[in-house]
Amino acid sequence: MGLLNGKVAIITGAARGIGKAIALKFAAEGANIAFTDLVIDEKGLATQAEIEALGVKAKGYASNAANFEETHNVVAEIVKDFGRVDILVNNAGITKDGLMMSEGQWDAVLNVNLKSAFNFIHACTPIMMKQRSGNIINMASVVGVHGNAGQANYSASKAGMIGLAKSIAQELGSRGIRANA
């Protein structure tokens, strides 16, 4: 259909799973795809080839989305390779479920699911503000609204994604940047 012809999308956590499905759909609509994952192994390279087969530019980047500096570095590399950023999909996420979970389980999920979204928004918004356009999509969940036993960390991270999108939309809407969850 070509709804995204010429656009550049960054999709975090997209070497497989939901992120990969998003990348393939965006590519089918004409978007060039920069995707990240903790490692770009054989699966990541296969994802890159599958996206490229749709006739768009694609590249996978190994990046720890929960690391602020690493995120800024990878976004700079993406801009060098692709020239711009039109769409950011904050999809990177993990689960570490458990009743009365450990601090480590709590921290791991909040760092990957929520802090990574902040990191990528922080790195991408100066580019989008300069372009006076951009779209930020935070992958949320119904458990961010309703909660779920054994998933306090995941629920809190997804509620945070919703609040982050609402706040960013208010902060950046006047600059042509949309944010949704």
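**Helix packing, sheet and loops**

Helix α3 passes α4 in a right-handed crossing; a crossing is right-handed if the near helix is turned clockwise from the far one by less than a right angle, and left-handed if anticlockwise. The model is predicted, so local features need pLDDT of at least 70 and side-chain atom pairs count only at pLDDT 80 or more, while totals for chains, interfaces and linings use all residues. Residues are numbered from 1 along each chain as its sequence is written, and side-chain values use heavy atoms, with hydrogens and water left out. Helices (H or I, at least four residues) and strands (E, at least two) are DSSP runs, numbered from the N terminus.

Two packed helices are described by the angle between their axes and the distance between the axes. For α3 (residues 68-82) and α4 (residues 103-131), the angle is about 40° and the axes are 9 Å apart. Axes are lines fitted to C-alpha atoms, for helices over the stretch in contact, and angles run from 0 to 180 degrees between N-to-C directions. The two helices are therefore oblique to each other, the class left after roughly parallel (under 35 degrees), roughly antiparallel (over 145) and roughly perpendicular (65 to 115). On the α3 side, the contact (heavy atoms within 4.5 Å) includes Phe68, Val75 and Val79; residues of α4 that take part include Phe118, Phe120 and Ile127.

The sheet is open and has 6 strands in the order β3-β2-β1-β4-β5-β6, with parallel pairing; two strands pair if DSSP finds at least two bridges between them. Its edge strands, β3 (58-62) and β6 (177-180), each pair on one side only. The twist averages 15° from one strand to the next. Strand β1 (residues 8-11) is joined to β4 by 3 bridges, and Ala9 stands opposite Ile87 in β4. Helix α1 (residues 17-28) packs on the sheet, touching β1, β2 (32-37), β4 and β5, and its direction makes about 175° with that of β1. Helix α4 also packs on the sheet, where it touches β1, β2, β4, β5 and β6.

Most residues other than glycine have a negative phi. Met100, in the loop between β4 (87-90) and α4, has a positive phi of about 45°. Because its relative accessibility is 81%, Met100 counts as exposed (over 50%; buried is under 20%, and partly exposed lies in between, with a 1.4 Å probe and protein chains only). Arg132 has a positive phi of about 60° and lies in the loop between α4 and β5 (134-138).
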